[in-house]
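Visitor: I'd like a close look at a single part of this model, with a bit of context first. Please walk me through it.

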Amino acid sequence: MTRPTPFPRPLALGLMACLATLFAANHVAARVAFDDGAGLLLAILVRSGLATLALGLLVLVQRKSLRLPSGSGRWQLAVGLLVTLQSLFLYSAVARIPVVVALLLMNTLPIQLALISWAMGGPRPTPRAALIMGVILVGLVVVLDLPAWLTEPEALGPGWFLGVALGLAAAFVFAWALWITEHRLAEVGSTLRSLLTMLTVLVAMLAAGSAGLVPGGMALPASAAGLWGLAALGLFYGLAFSTLFITVPRLDMARNAPAMNIEPVAALVLGCLVLGQALTPVQLLGGGIVVAGVVALGLSRRA
C-alpha cells in the first residue's frame, strides 16, 4: 500500500495550528454553556455525539472493517472509559478555573506519560527530559500563582483547588489511555479505535444521565447564549477531531506534533475576548514557560 504524500511542512504546521485553535474554541464555548447553566453530561453528550457521527461516516466512506483483533476488546473498552473520565475531569476544570489554566494543566500530559511508561518497564527519562520536565513544573507553579494561593486561598475562589486537581486528573487518565493505545491497541486502526472510543463515551454519558449520577448533569442552558455555546462546542470539536483523523497520514506527526501546543495560547486569546478571562503578566510568563517546555520535550524525543 502506497503511503500518502505528506503535506508541505508550512501547510501541515498551519493546519495543525488551526485545529489546535478549534480545540481551544471548543473549551471556551463549553465555558459559555456552563456559565449559562448547561449540564456537564449534556455538554459531553453533544461533543461525543457529533464526533461519533463524523467518525462513523468516515469509517463508512473508507469502508473500514469493524472487527477488532482477538484480545483487544477489553483494552478498547478501558480506553473508552478513560477518555470518558478525561472528558468529565477536563470540562469540570474548565467550569471552575480559567480555560487557559485548565489546558496548561492538561499540558502536564507528556510528563505523566513519561513517568507511567517508565513505571511500566519503559525507558527511564533522560537527564535532558527530566530537566525540561522540571522547567514545565516551575512554569506551572508560576501560572497557578501558588504563593498567593497558599497565603490567601480565598482570593482565588472556592473552585480553584478542585479545578486544578481535576485538570491534573484529566491529564493522568488520558496518559493511561495513550499508554494502553500504544502498547495494547497498536493493531487496531486509528479511525476504528477513535470511533469506538467516542461511542463508549457517548454510551457512558447516556447511562450516567439516565441514572442521574451527576446532579444537574443534563440541565439545559437558561438562554440562547448557552444553546449557542453547546452548538459551538460540538461543531468545533467534531470538525477538529474528524479533520485531524482524515489528514493525519499526511501531517508527519513525528515532526510537527508540537504545533498542537498552540492550544493554550489560542485559549488565552479566546478566553480574553469571549469570556473576559485574563492572566497577570507573571502568569503569562509561567504559561509561556509551560508551552515552551512541552514543545521542547516533544522535539527532544524526535530525530
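**A helix pair up close**

Guide: Of the 303 residues of the protein chain, 48% count as buried, meaning under 20% relative accessible area with a 1.4 Å probe and protein chains only. Bear in mind that this is a predicted model, where local features need pLDDT of at least 70, side-chain atom pairs need 80 or more, and totals for chains, interfaces and linings take in all residues. Numbering starts from 1 along each chain as its sequence is written, and side-chain values use heavy atoms, leaving out hydrogens and water.

The chain has 13 helices and zero strands; these are DSSP runs, H or I over at least four residues for helices and E over at least two for strands, numbered from the N terminus.

Now zoom in on H3 (residues 73–94) and H8 (residues 160–184): their axes come within 8 Å and cross at roughly 160 degrees. Those axes are lines fitted to C-alpha atoms over the stretch in contact, with angles from 0 to 180 degrees between N-to-C directions. That makes H3 roughly antiparallel to H8, a label for angles over 145 degrees. The crossing is left-handed: the near helix is turned anticlockwise from the far one by less than a right angle.

Who touches whom? H3 contributes residues including Trp75, Leu82, Phe89 and Ala93, while H8 brings, among them, Gly163, Phe174, Trp176 and Arg184, with contact meaning heavy atoms within 4.5 Å. The contact residues divide into 17 nonpolar, five polar and one charged. Here Ala, Val, Leu, Ile, Met, Phe, Trp, Tyr, Cys and Pro are nonpolar, Asp, Glu, Lys and Arg charged, and the others, Gly among them, polar.

Technical notes. Parallel < 35°, antiparallel > 145°, perpendicular 65-115°, else oblique. Buried < 20%, exposed > 50% of the residue type's maximum accessible area, 1.4 Å probe, protein only.
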